[in-house]
Amino acid sequence: MSQQPKVTKLFGGPGCGKTNTLTQFYQRYLLEGYSSEEITLLTFRKTAADDLIESTILYAGVGKKDLKKHVGTIHSICYRLIGYPELITKEDCRVFIERNKWSKYFKVPDTKKESAEESVYSGDVFDLYTWLRNTCTPSEKWKKYPGLKNIKMPASKIPEFFRKYEEFKHEIGKIDYSDMLQIVIDEQIPLDTPILMIDEFQDFTAQMYRVFEMWVPSCDHVLVAADPNQSIYEFWGGCPDYYYNLDAVEIVLPETFRLTEQVKNFSHRVLKQGGMTAPETAAKKSDSNSIHRLRYDTKFPVYEEEFHLVRCNYQAHAIALSLAKDGKIFGGLCGWTPEEINIANAIISIRQGKAISLDQMKAILNRFPAKILGLKGSKTEFINELEKIYTPQLQTGTGILNAKILDILSSRNPTKGMLRDGELFKAKINGIKNRKMLIALKEVNNRLVLTIHGAKGLEAKAVFLHTAITSRIQKALLIPGNESQAEARVWYVGVTRAKEVLYIVTDAGPTYRLPEVSLY
C-alpha cells in the first residue's frame, strides 16, 4: 500500500491546478487497490463539487448516481451519513412564524439567497440561527452576530425563538440545512471511507472544521487542497489558520497556468498590503501590460469572455445599467433573463420583417395589456390555445399582433405600453433595438456581472474589477487587523480571476485602495 503520510496538505494558488492534482491522487488510490466506495472527495461549493464529479467519473468505475454518494459537497456527504431526512421548506417556516405570531419581526428566509455575506448582516432571525451553527457560537452568545443591529425581534424573545424552532423541527420530523453537519457532530457519526480528500479547504466554516477534526483519526489517508489566501468566508467562521495549523506534510504547487506574471505579482502585492504573503510561483509571460485602470464612466472595451466583479450585490444594478445602455448582453446579477431575450429577439425579428417563434410571441403577449393587444377574453386562455396551433409567421398587423403593437415595437421606444417598464428593462431593450443579429444564450454566459464571492473558483479572459465598497467595509479598514486582512483576501480573489487582462475600475464614492500598477 501507499507510503504517503497520513495527512498531506496541498498549497495551490489561483490556477495552479489543485483540482487536477486531486484527480491524480484519486487515480493513484484506485491503482493502489482502494475502490471508489472507499474514497470520499468533498468540497465547499456545489459548482466545485460538480467539477470534481466530472473529473473523477472516468476513473471511478461507477455511474454518476453512485459516485455522488462519495464525491460532493460536505453537506451532501453528511446528508447521506444521517440517512437523507426530509428538509424543512419555506412554507414550513411560514407556518412556524404565523403560529407564533412573529410575522412583524422578520420575513421568511429565501432559500436561494444571492449573497451569503449579506445574510450575515440581514438581521433575519433564521439567518442568525444559521450563523450560530456555521460559526459554532453558543446560542447564549447570539449578540455576537454581525447583523445584530438589524434584528427586529426583541432580545427577550430570541432564546424563545431558538427553543421553539428546535421543537417545531422535531414536531414535523424535518431538519434544516445547518442540521446536516450538526447531527454528524452531535451524534459523532464517523466517515465510512478510509480515504478523505478535500478541495477548497480554505473555505471551511468552523462547523465544517469540527466535522473534519472528528473524521481524520479514523482515516488511512487525508489529503486537503487549499489556498489559505483565498479564505473569504470569515463571516461564517472560516479561517486560513485551519490550513496553516494543520499538522501535515505540505506540497506547494509551483506554477499558475491562469495568471500572467504581471497579474500574479500584483495579486501578491495586494496580499502584502494586508500583511500577508504567498509562495512564489511561475506564471505566464505576456508581451504587453495585462493590468489597466479605468474610470467607471469610461466606455469599456469588449471581450469575448469577461467578468464585471463587484464587492456587494447592490452595486450590480449600476454596472448592469451601464452595460445595457451600451447594448451589451450579459448574465449574472441583474442579467438578461430568458423572457427578456425572447422579447428582444422578437423586436429584432419584427424590425427586419422576419417571422417570430412561439416563445418570442408569448413573451410579447405577456408584456402587453390585453386591451392594447385587442384581446377580449382571458390572455392566459388565448396563449394556451395559441401553443397548440402556432407556427412561426411574419407579423403584418392583421394577424396575432395588431398594427398598434407592431408600431410600438418598431418605434424609438419599443417598451411603450408594456406592463413592465423599469429603468433597467428599458435600457436593455432600447440598447438592442437597432441590432441585426438575434441574441444567443452564449452571449449571456460570456459576459457576467458577479460579486467577488460569486466568482470564486471561476475565471475569464478579461476581468473588470469595480472597486466601490460600502461604508461598513470602509470603517472596518480603518483599523489594521483580522477584518482588513480578510478584506485584502477578498480583493486577492477578485484580481486572480483574470486569465489575460485585468481592468481596475475606479467607481464613484468610497473605493478599496489597491496597489499602484507596475509595468510588465
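1. Ground rules. This is a predicted model, so local features need pLDDT of at least 70 and side-chain atom pairs count only at pLDDT 80 or more, while totals for chains, interfaces and linings use all residues. Residues are numbered from 1 along each chain as its sequence is written, and side-chain values use heavy atoms, with hydrogens and water left out.

2. Salt bridges overall. Arg-133, Glu-166, Lys-169, Asp-176 and Asp-179 are tied together in a network of them.

3. Arg-45 and Glu-200. Have a look at this one: the closest N and O atoms of the salt bridge are 2.2 Å apart. Arg-45 sits in the loop between β2 (39-43) and α2 (46-60), and Glu-200 in the loop between β4 (195-198) and α10 (206-215), so the pair links parts of the chain 155 residues apart (helices are DSSP runs of H or I, at least four residues, and strands are runs of E, at least two, numbered from the N terminus). Both Arg-45 and Glu-200 are buried (under 20% relative accessible area; exposed is over 50%, partly exposed in between, with a 1.4 Å probe and protein chains only).

4. Two partly exposed cases. Arg-295 and Asp-297 form a salt bridge at 2.8 Å between the closest N and O atoms; Arg-295 has a relative accessible area of 48%, and Asp-297 has 46%. Glu-305 and Lys-499 also meet in a salt bridge, 3.3 Å from N to O. Here Glu-305 lies in the loop between β9 (291-295) and β10 (306-310), and Lys-499 in strand β14 (residues 498-506), 194 residues away. Glu-305 is partly exposed at 24%.

5. α9 against α10. The axes of α9 (residues 179-186) and α10 come within 10 Å and cross at roughly 35° (lines fitted to C-alpha atoms over the stretch in contact, with angles from 0 to 180 degrees between N-to-C directions). The contact (heavy atoms within 4.5 Å) includes Leu-181 and Val-184 of α9 and Met-208 and Trp-215 of α10.

6. The sheet. Six strands make an open sheet in the order β9-β14-β13-β10-β12-β11, with parallel pairing (two strands pair if DSSP finds at least two bridges between them). β9 and β11 (331-332) are at the edges with a single partner strand each, so one side of each has no neighbour in the sheet. Five bridges join β9 to β14, and Leu-294 stands opposite Val-505 in β14.

Terms used:
A salt bridge is a side-chain nitrogen of Lys or Arg within 4 Å of a carboxyl oxygen of Asp or Glu.
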